[in-house]
Amino acid sequence: MRIAPLAALLSILLCAGRVPAAETCDVLVYGATPGGLSAALAAAREGASVIVIEPTKWIGGMVTGGLASTDVGNEKVIGGIAREFFTRAAASKPGTPLWYAEPQANMATFQALLQEGKVRVITGRKIKAVSRDGNRVESLMASDGTRYEAKVFIDATYEGDLMARADVSYIIGRESRAVYNEPLAGFQPAPLRPRTVEQMAQDSPSIGGPKNALNYVHGTPAKIPALDVAGLPLPGVNSQWAEVGDGDARTQAYNFRVIVTRTPENRVPFPKPAHYDAMRYELLSRTISAFPGIRFSKLVYLGPIANGKFDANAIGLVVGTDHVGANYDYPDGDEKTRAHIWQDHIDYVQGFFWFLANDPKVPAELRGQANEWGLAKDEFNDNAHWPYALYVREARRMIGEYVMRQDDCTQHLTKPDSIGMGSFIMDSHAVQRLVDHDGSVIDEGNFDMPVRPYQIPYRSLVPQRSQCENLLVPVCMSASHVAYGSIRMEPQYMIMGQACGLAAVQALRAQKAVQDIDVAALQAKLREQKQVLDLPRPPGSIALQDLAGTVVDDADAKYTGEWTGSSSSGGVEGMYHHDGNEGKGTKTARFETRLPKDGKYEVRFAYTTAPNRATNVPVTVTSADGEKTIVVNEKQVPPIDKAFISLGTFRFIADEHGIVTVGTKGTDGYVVADAVQFLPAD
């Protein structure tokens, strides 16, 4: 028997005759996040006794604590308890759109569901120690000294604290590209995303700006000087470059999702933080100077929710509410370290809004715009109208029975043990801000890449069999940093939480390890409860597995410039990329592969047609005989299976790159790039 910290403590107390009595239950959930509450509800509805322990004063995690503009992706993948919750929250107040209820409505909905389910929730209790018996967690001791015993435990915290205390393997930060062969993995400076003064002087569509106005995109918009007068990096900037693709222990930025409004009777002025330093916003000031007339809505992403309120988030394009580089010690930090980082984020985000609304360096027009906004007076009344939850986008990630990775979200989409689906883009906020070679600032670690709706395997929710057999992890689940960028959305946490709650009940009743439950029975129960485990392929789409030869899909193409993923017109695997009919000549899509043997191959190019497509798309094939450019009219229906057009027959050499490049220079409409197929022609 391994002696864990709690077991050692209990041994001491036993000798002293002061062993605390334990509270018992079938399933203990640590963390009253949406994922944890979904797990608790699922287990309780099956008749299990459930206790939820929450380390903060409030339940509901980000959904009640600020994140009200839900990251949905393809809403067809959201079913079960997740859809039940969001539907009830929207119905609780007239005029509330689905997925966009106010935090107070989300709180009331969770409270009602928990009361109906007779789920016991204990708040303000942090984990102090864990006792294990072999490969099983036996009990948890809370910060008030109470000991809780359960047959199955679920760690639903954003930090993975129970998982870590139970000695389950985990990782913090970013894997290198070599670990899982992920193109997006590791250290990667974000490309410059140039923006004009005119573009930055337009309000975003969310608050009435033009529909085609730029809204959210990662990357710096101009060459902004990164050094102070002494030649040192500005606050929030460093010079610690690495090799592209290297892994590290750094984590993408956190912030607070602040609920703001322009409604005067419900508006509270932005507060000045306890620790304010205007120099922290010098990079923001320089960005403002680079774009005369820049709008407040270009500095803050304003996601509309119900009743005239907005969920204010980092906008990605410029210095915003993300406190980049300030959270590296948070995931594994002790209570004091985390409290310091939490307060530092409060100071930074409050200071960001205070600076925009009050600092004389900010142009008067922009200050006026900032002062039209303020905190929503009717939210977070017991916390000075400030959000309850720090947005911990990513902390620890379990290394479980199966690790989800980039190609699980783009190529290998189906899993035999699917318990739900994801569909949001692979999204990482900045990890660092660096001094570039020319002295300007550059973001590092950002990406936002489309995915196809993909299945989440049950194996990614359980630890390795040799490590723990009665623990499930629906939030800090087993995924690479890249894949977690898509999976880390609250609806998916709830989807995984529901699966964990049902799996816990099955495990305890069958007296089996969580790794050994009947997954088919779990899937049947989930389907019965309207969880979505799979989706039919979109009409007009073609499965990769049905195509002969060597195929490179758009998900694996390499892009220059900004291309947009879309699924509105079918295509190979139901998705393709287009150039947005913008930036002509600056954008290319490169399809590259190594062919299995020497010889001639017919090269086919796939695109989806529509009236807005370009008639003159240059597609260049690079083969053993050089380059040849073919002009494709994408307004015409592709002649081969209404999907492909033949570009001709070309000679390739084995193990050398065969390349097809789709250009945009001089094109007269939307350019679509879907897939390239190489068929042996000898």
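## Charge pairs in a chain of helices and strands

This chain has 15 helices and 34 strands. With a radius of gyration of 26 Å, close to the 26 Å that the globule rule gives for 682 residues, the chain is as compact as a globular protein of that length. Keep in mind as you look around that this is a predicted model.

Let's start with the overall picture. Along the principal axes, the C-alpha atoms fill a box of roughly 85 × 65 × 50 Å. Of the 682 residues, 59% count as buried. The accessible surface comes to about 25,900 Å², and carbon and sulfur atoms hold 51% of that area. Residues 24 or more positions apart make up 79% of the contacts with a separation of 6 or more.

Now for the charges. The chain carries 69 positive and 79 negative side chains, and the centres of these two sets lie 3 Å apart. Side chains of opposite charge can pair when their charged atoms come close. Counting nitrogens of Lys or Arg within 4 Å of a carboxyl oxygen of Asp or Glu, there are 41 salt bridges. Here are three of them to look up:

| Salt bridge | Closest N to O distance |
|---|---|
| Arg433 and Asp443 | 2.9 Å |

Asp144 sits in the loop between strand E5 (136-142) and strand E6 (147-155), while Arg125 sits in the loop between strand E3 (120-123) and strand E4 (127-133), 19 residues apart. Asp144 has 40% relative accessibility, so it counts as partly exposed. Arg125, at 27%, is partly exposed too.

Arg433 is buried at 8% relative accessibility, and Asp443 is buried at 2%.

Finally, salt bridges can share partners: Lys93, Glu102, Lys309, Asp378 and Glu379 are joined in this way into one network.

Key. Residues are numbered from 1 along each chain as its sequence is written. This is a predicted model: local features need pLDDT of at least 70, side-chain atom pairs count only at pLDDT 80 or more; totals for chains, interfaces and linings use all residues. Side-chain values use heavy atoms; hydrogens and water are left out. Helices (H or I, at least four residues) and strands (E, at least two) are DSSP runs, numbered from the N terminus. The radius of gyration is taken over C-alpha atoms; the globule rule is 2.2 Å times the number of residues to the power 0.38. Buried means under 20% relative accessible area, exposed over 50%, partly exposed in between (1.4 Å probe, protein chains only). Contact means heavy atoms within 4.5 Å. Accessible areas come from the Shrake-Rupley method with a 1.4 Å probe; for residues, only the protein chains shown count as cover. Lys and Arg count as positive and Asp and Glu as negative; His and the chain ends are not counted. The place of a charge is taken as NZ of Lys, CZ of Arg, CG of Asp or CD of Glu. A salt bridge is a side-chain nitrogen of Lys or Arg within 4 Å of a carboxyl oxygen of Asp or Glu.
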